[in-house]
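Hi,

Here is the structure I promised to pass on.

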Amino acid sequence: MLRLHLAALILTVLSLAACEPTPSPSGFDAQTFDVQTADIALGNDATASAVDLTGTWVLVTDWSTCVAIGDEIELRNYELSRIQVIQDGVQLREVREDCSIANTPLLGLTTVVPQPAIDSANPMNTAAFFPASGTGAPYVSGVEVQTWGLKFANPETDTMPASADDPHVVDSDKDGHPGVTLKVGGVCDLYAAQRAIMVRTGRQEADGSLSGDGIRHVVQVALGASQGFCAQAFSTVSNQTFNHWKMLRVDKKGMNLDQDGDGIVSCAEIVQNQPVFTNWIEPDDTRCAAFKK
Ligand SMILES: [Ca+2]
């Protein structure tokens with residue numbers, strides 16, 4: 001039974017614990033740009049930035065979650081997203097499309113998010129804030145809301161459903177089961193509705209990329225499962241101090257990953273080049289020591 005309980009734990013919803021972020025090494029590799037960045041230029045009105053960020057970027061997020069299984073264990077979540085940026089003065093209109101999502105194993109069991117579930121949240125529209133440009137210039141994302149298996153009028157604020165009977169639950173991966181189907185350690189399928197709300201803050205690096213940390217609050221509702229134990233709910237903690245993200249320009253003004261020459265840098269081209277962007281941070285349970293009861 002221990003194995004089954006552990007499997008269920010992996011399904012866990014991430015819940016946010018408020019804490020002060022502290023800088024820590026990101027583990028991300030540097031990138032090279034052919035665009036030169038100037039000293040920070042304070043923005044005003046609609047002509048803020050010396051370098052126009054309009055174009056295609058990859059968002060690399062590497063998030064830390066602490067899960068209580070006797071002791072506190074770190075679970076890391078790795079996501080690659082394609083972001084189309086349109087800069088309008090100090091505002092960046094961003095259209096985000098999640099490309100790939102992976103979780104580290106928890107005691108040997110991994111929760112897999114199939115591509116239809118990933119795709120069901122796309123696209124997401126936000127407005128970020130970039131009031132200056134140059135090395136050290138601040139970046140504040142909009143509120144990014146990723147919903148799976150949900151149809152909300154107000155995705156950020158509507159009440160999460162309690163069961164599959166709720167009219168806001170939809171079979172958004174179109175597999176005949178309510179919500180989206182997550183594959184748990186090859187053991188069972190969980191039918192879930194999930195809302196993740198993320199806010200990122202950071203700065204522009206000398207190479208023109210953006211990086212920082214952030215908060216990510218995830219609520220997941222188990223709507224059903226192929227086996228009952230899979231639908232148990234557990235609470236976990238988002239480990240903000242060890243959350244890292246980076247945005248790298250991938251169009252011809254940056255890394256130029258349009259490898260098939262069709263003028264678009266696609267999710268496929270982004271995923272194919274993941275090793276170029278970053279080395280994912282390996283889990284380390286000592287990062288969760290602060291949450292020990
Ligand atoms: Ca479904």
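**What I found**

Let's start with Gln-240, which sits in the loop between strand E14 (235-238) and strand E15 (244-249); helices (H or I, at least four residues) and strands (E, at least two) are DSSP runs, numbered from the N terminus. Before going on, note that this is a predicted model: local features need pLDDT of at least 70, side-chain atom pairs count only at pLDDT 80 or more, and totals for chains, interfaces and linings use all residues. Residues are numbered from 1 along each chain as its sequence is written.

Gln-240 counts as partly exposed because 19 other C-beta atoms lie within 10 Å. For that call, 20 or more means buried, 12 or fewer means exposed, and partly exposed is in between, with C-beta atoms placed from the backbone. The C-alpha atom of Gln-240 is 5.8 Å from that of Ile-215, 25 residues apart along the chain.

On to the whole protein chain: it has 4 helices and 15 strands, and 42% of its 293 residues are buried.

Now the cores. A nonpolar core here is a set of buried Ala, Val, Leu, Ile, Met, Phe, Trp, Tyr and Cys residues joined through C-beta atoms within 7 Å. The largest has 26 residues, and those touching the most other members are Trp-57, Val-58, Leu-59, Leu-248, Val-250 and Ile-270. Strands E3 (55-69), E4 (71-88), E5 (91-103) and E15 each give two or more residues to this core, with E3 giving the most, 4 residues. Apart from it lies another core of 20 residues, including Val-180 and Tyr-191.

Beyond its neighbours within four places in sequence, Val-58 is in contact with Leu-80, Arg-82, Leu-248, Val-250, Ile-270 and Phe-277 (contact: C-beta atoms, placed from the backbone, within 7 Å).

Strand E10 (residues 144-148) is mostly covered, with 4 of its 5 residues buried. E10 pairs with strand E12 (residues 188-204) in the antiparallel sense over 5 bridges, where pairing takes at least two DSSP bridges. Gln-146 has Ala-196 of E12 as its bridge partner.

How far does the confidence go? The chain's mean pLDDT (the predictor's confidence in each residue, from 0 to 100) is 84, and 82% of its residues reach 70 or more. Helix H2 (residues 115-119) has the highest mean, 98, and strand E1 (residues 13-16) the lowest, 32. Residues 1-26 are below 50, although the model gives this stretch 63 contacts beyond near neighbours in sequence. Where pLDDT is low, the predicted coordinates should not be read in detail.

Cheers

Key. Contact = placed C-beta atoms within 7 Å.
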